[in-house]
Amino acid sequence: MVRELEKYLRPGIGVTTYCPGCGEAILQGLILRAIDELKLNMDEMLFVSGIGCAAWIPSPYFYADTLHTLHGRTIAFATGAKMVNPKLKVMVISGDGDLADIGGNHLIHGARRNMDMTVICANNQNYGMTGGQVCATTPEGALTMTTHQGNPFRPFDLCRLVKAAGAVYVARYAVTQPMAMIRGIKKALQTKGFSFIEAITPCPVQFGRRNKLGKPADMLKDLMSRCISEEKAAALSAEELKGKIITGEL
Amino acid sequence: MGRQKLSSVLPPGSYYFSGDEAVAEGAMAARCGYCAGYPITPATETLERLSIRFGEMRAAFMQMEDEIASICSCIGASWAGAKAMTITSGPGFSLMQEAIGYAVFTETPLVLVDAQRSGPSTGQATRVGSGDIMQAKWGSHGDYMIIALSPWSVQELYDQTINAFNLAERFRVPVFVMAEEATAHLHERMEVGAEVELFNREKKPGAPPFGTKEEDGVPPMPAFGDGEKLLITGSTHDEWGVRKITHPEIHQGLINRLHKKILNHSQEIIQYDNYYLDDAEVAVICYGFTARSALFAVEQLREEGKKIGVLRLKTLWPFASELIQDIGSKVSKIVVPEMNMGQVAGEVKKYARCDVIPYGQVNGEIIHPHTIMEQLRRLV
């Protein structure tokens, strides 16, 4: 992380919790860059996170009010804070397991109510912190610690889910698209109402290893090759679309 | 900050309210700034009244998607600076348990009104019970200390709701008002005074929000947006909120302080009433609605010359252990009538050296005074 962003980091917290090659550290930097470019006042921001790897992105690292909550309940905590103090700029940062599995109900209700907050979901396709188990975003057929024969179930399309529930701004980017991701986060922060960013991020240690996806750099290259825009996707057949990740504003 | 006297929200005078309505008015009087809940019998009427009254007061009211979201949003609201409350009954209380532990550990002031109904599970959803007393104490995992109050009338539902807010703010702890269906749905007269005495959480800019060297044991509490850059976590933490989960002495010290900040103030917290105990040979220890039946029964038996007294617990947790130890050394028998299978009787047994006779009734009906009279006649 470049020195000029250090002012956003809580002094005295030296060590990060990320595994080697984790994409969430990239996402952490991109969120701060978006905040920096918008010149937001960190004293007016509230970061709410749940339980899991991504919940560590704001807490304890961001030098602002941070609320590290229970597993799955981030949006409910954030709702109470926002209702009482509407001046707070509320950002929820958590993982796919936290927001879409255990917290799925709160996610769709937050979107339905159009609560004025930005939700960033770091989607690493599995439960990383507990050692790599299947979750609601794990691709069908993928190997995890609890699907040794391959995941028999379909994953959620989180963006479509949240859009259908009423979110006013929805976008998906991979951490391999840093400039687009920063633009997306900025737009989400400037949107009044419920905004949602699905950040696709590689998990080499827990997910990549079991699915033989190679080294962290290989996983990043693979992500780059699979991300396509909605327009390009429209021209492809269902067969050609297999394995592709549609990114952009949705 | 600290103690202050404010005028009542309702004009002073007599009112005819249900218990649920009295809870709502108590929250108004305490200047509750946020209420979230989910409809559940027999607590729903409080939510309905607050949804109207809060609109008039410009306080925030939310009907959330479930009870978990309700209490979690209250914790967020409390840290944003509001006095916060949620209202529920048994099934919702069960759902809230994990968040109660979080509120205890993050020292979040919070009022939770549990209008108890007959359980377990859906049970007799519209009938009375008092089966959540131990759940209030032990429902979340780990060791912790909370405050639980037991009102016996509509008047007390109003007064104790205000008291619950004061205790929550004073000690930074979740406080439970253990109402019962019988009092929640009871309509009776209650009085509103001209003023209410309120306690508001202490703020001290720059001071650590999760630790204090003061004997009192209650740290000051800033709010989001105060520029304190709060670090709040349900993990074991130091006085600044920094996660410290591998330090045995920090965890032990934190749990000790969270216990002591309540137990060291037991005298300030615990309230009770006693009747005819001076010359009593038998004592009835009771709480909540059952205390109405018990007092009526004892007054009848006193007319027959039977030496029976009554201790009515208005505070259930922390438990009035010293008081009960004292009574247990003066009487030969203690009878504990309650609408559960002996939850408080078991606690009384821990401290009273005399015979402790539980009388548990769990049929969804209140314990009739004649039932208690019959029990007592067998003993005296």
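The model is predicted, so local features need pLDDT of at least 70 and side-chain atom pairs count only at pLDDT 80 or more, while totals for chains, interfaces and linings use all residues. Residues are numbered from 1 along each chain as its sequence is written.

**Select chain A.** Its C-alpha trace spans about 50 × 40 × 30 Å along the principal axes. Of its 250 residues, 57% are buried (under 20% relative accessible area with a 1.4 Å probe, protein chains only). Take the contacts (heavy atoms within 4.5 Å) between residues at least 6 apart in sequence: 66% of them join residues at least 24 apart.

**Switch to a cartoon view.** Chain A has 10 helices and 8 strands. These are DSSP runs, with helices being H or I of at least four residues and strands E of at least two, numbered from the N terminus.

**Select residues 24-38 and 178-190 of chain A.** These are helices α1(A) and α6(A), whose axes come within 9 Å and cross at roughly 55°. That angle makes α1(A) oblique to α6(A), because angles under 35 degrees count as roughly parallel, over 145 as roughly antiparallel, 65 to 115 as roughly perpendicular and the rest as oblique. Axes are lines fitted to C-alpha atoms, for helices over the stretch in contact, and angles run from 0 to 180 degrees between N-to-C directions.

**Show the side chains.** On α1(A), the residues that meet α6(A) include Leu27(A), Leu30(A), Ile31(A) and Arg33(A). Their partners on α6(A) include Met181(A), Ile182(A), Ile185(A) and Lys186(A).

Methods
Chains lettered and ligands numbered in written order. Heavy atoms only, no water. Buried < 20%, exposed > 50% of the residue type's maximum accessible area, 1.4 Å probe, protein only.
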